[in-house]
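Subject: Handover of a structure, with notes

Dear colleague,

Please find the structure below, handed over for your use. My notes follow it.

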Amino acid sequence: MKFFLDTANLDEIRAGAALGIVDGITTNPSLVAKEGKDFKTLVAQICEIIPGPVSAEVVSTECDSMVKEARELAEIAPNIIVKLPTIPEGVKALKICASEGIKTNLTLIFQPLQALIVAKVGATFCSPFLGRLDDIGHDGMLLIEEIRTIYDNYGFQTEILAASLRHPLHVVQAAKAGADIGTMPYDVFKKMLNHPLTDIGLERFLADWNKAKK
Ligand code: E4P
């Protein structure tokens, strides 16, 4: 499973990159707005830090304007992935982007048929939002399982990018359900390596070592 950070914050991205296990970045308009910086400059900086896929989202809702934005974003760096909303206009834009070799991440996926459609049309990534389904009392993880089955049935190459992951258990469950990638906030990312028994165990080892040396 690949790990993406779901943030547009450069400090978090640098800290994650330093650990050497960040495979890519996802951003969205809300995350970018939080940073208060020029969108394209910020995305270019992220692409310099992380050589893997960096998703940057269009903000138009009509096909022609989405494609125009997609072409401009794709110019920023070779690792840009253009994020398109999974709406009819977004699917039309996806078809054009795919024909031009622009890599895409189809976002805001909440049901398996949306995932099937975007794979048929040639999406690079599909992003089911698990946490937001859980928020309204649905089983977000079931969606990952359904998409995995459908993609495997037909041999689709579109990668399943489990998004809206809210805690480490979501990452574990998404990995078990066969997601290719999990994208998570920095806070969740930091928790993935933590266990109190590891800290206690290390403390004891070092205390015993130091005692024996005296
Ligand atoms: C993914 O690409 C999205 O940016 C993200 O995972 C949304 O997460 P949220 O539902 O916590 O806002």
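This is a predicted model: local features need pLDDT of at least 70, side-chain atom pairs count only at pLDDT 80 or more; totals for chains, interfaces and linings use all residues.

Residues are numbered from 1 along each chain as its sequence is written, and side-chain values use heavy atoms, with hydrogens and water left out.

The chain as a whole

The protein chain has 11 helices and 8 strands; these are DSSP runs, numbered from the N terminus, with helices (H or I) of at least four residues and strands (E) of at least two. The C-alpha trace spans about 75 × 40 × 30 Å along its principal axes. Of the 214 residues, 44% count as buried. Here buried means under 20% relative accessible area, exposed means over 50%, and partly exposed lies in between (1.4 Å probe, protein chains only). The chain exposes about 11200 Å², of which carbon and sulfur atoms supply 56%; accessible areas come from the Shrake-Rupley method with a 1.4 Å probe, and for residues only the protein chains shown count as cover. Among contacts (heavy atoms within 4.5 Å) with a separation of 6 or more, 56% are between residues 24 or more positions apart.

The ligand

The residues that surround the ligand are Asp6, Thr26, Asn28, Lys83, Phe129, Arg132, Ala163, Ser164 and Arg166; a residue is listed if one of its heavy atoms lies within 4 Å of the ligand.

Salt bridges

The structure holds 12 salt bridges, each defined as a side-chain nitrogen of Lys or Arg within 4 Å of a carboxyl oxygen of Asp or Glu. Three of them are described here.

In helix H4, lysine 68 and glutamate 72 lie 4 residues apart, about one turn of the helix, and their side chains meet with N to O at 3.1 Å. Lysine 68 counts as exposed because its relative accessibility is 52%, whereas glutamate 72, at 33%, counts as partly exposed.

In helix H5 (residues 88-99), lysine 92 and glutamate 89 are 3 residues apart, again about one turn, and the salt bridge between their side chains has an N to O distance of 2.7 Å. Lysine 92 has a relative accessibility of 45% and is therefore partly exposed.

In helix H11 (residues 196-213), aspartate 208 and lysine 211 are also 3 residues apart; the closest N and O atoms of this salt bridge are 3.8 Å apart. Aspartate 208 is partly exposed at 45% relative accessible area, while lysine 211 is exposed at 58%. Elsewhere, salt bridges that share partners join Lys40, Lys68 and Glu72 into one network.

Serine 60 is placed in the loop between strand S3 (54-57) and helix H4 (63-76). Its relative accessibility is 18%, so serine 60 counts as buried. The side chain of serine 60 makes a polar contact of 2.3 Å with the side chain of glutamate 69. A polar contact is a pair of N or O atoms within 3.5 Å; within protein, one must be able to donate a hydrogen and the other to accept it, and residues adjacent in sequence count only if both atoms are side-chain atoms. Leaving aside residues up to four places away in sequence, serine 60 touches Ser65, Met66 and Glu69.

Proline 185 lies in the loop between strand S8 (181-184) and helix H10 (186-191). With 30% relative accessibility, proline 185 counts as partly exposed. Not counting residues up to four places away in sequence, proline 185 touches Leu5, Asp6 and Leu165. One of these, Asp6, is also among the residues that surround the ligand.

Leu19, Ile21 and Leu193 form a nonpolar patch on the surface, with about 290 Å² of accessible area together. Patches are made of residues with over 30% relative accessible area and no salt bridge; like charges are joined within 9 Å, and nonpolar side chains (Val, Leu, Ile, Met, Phe, Trp, Tyr) within 5 Å. Leucine 19 lies in helix H1 (residues 10-19) and is partly exposed at 48% relative accessibility.

With kind regards
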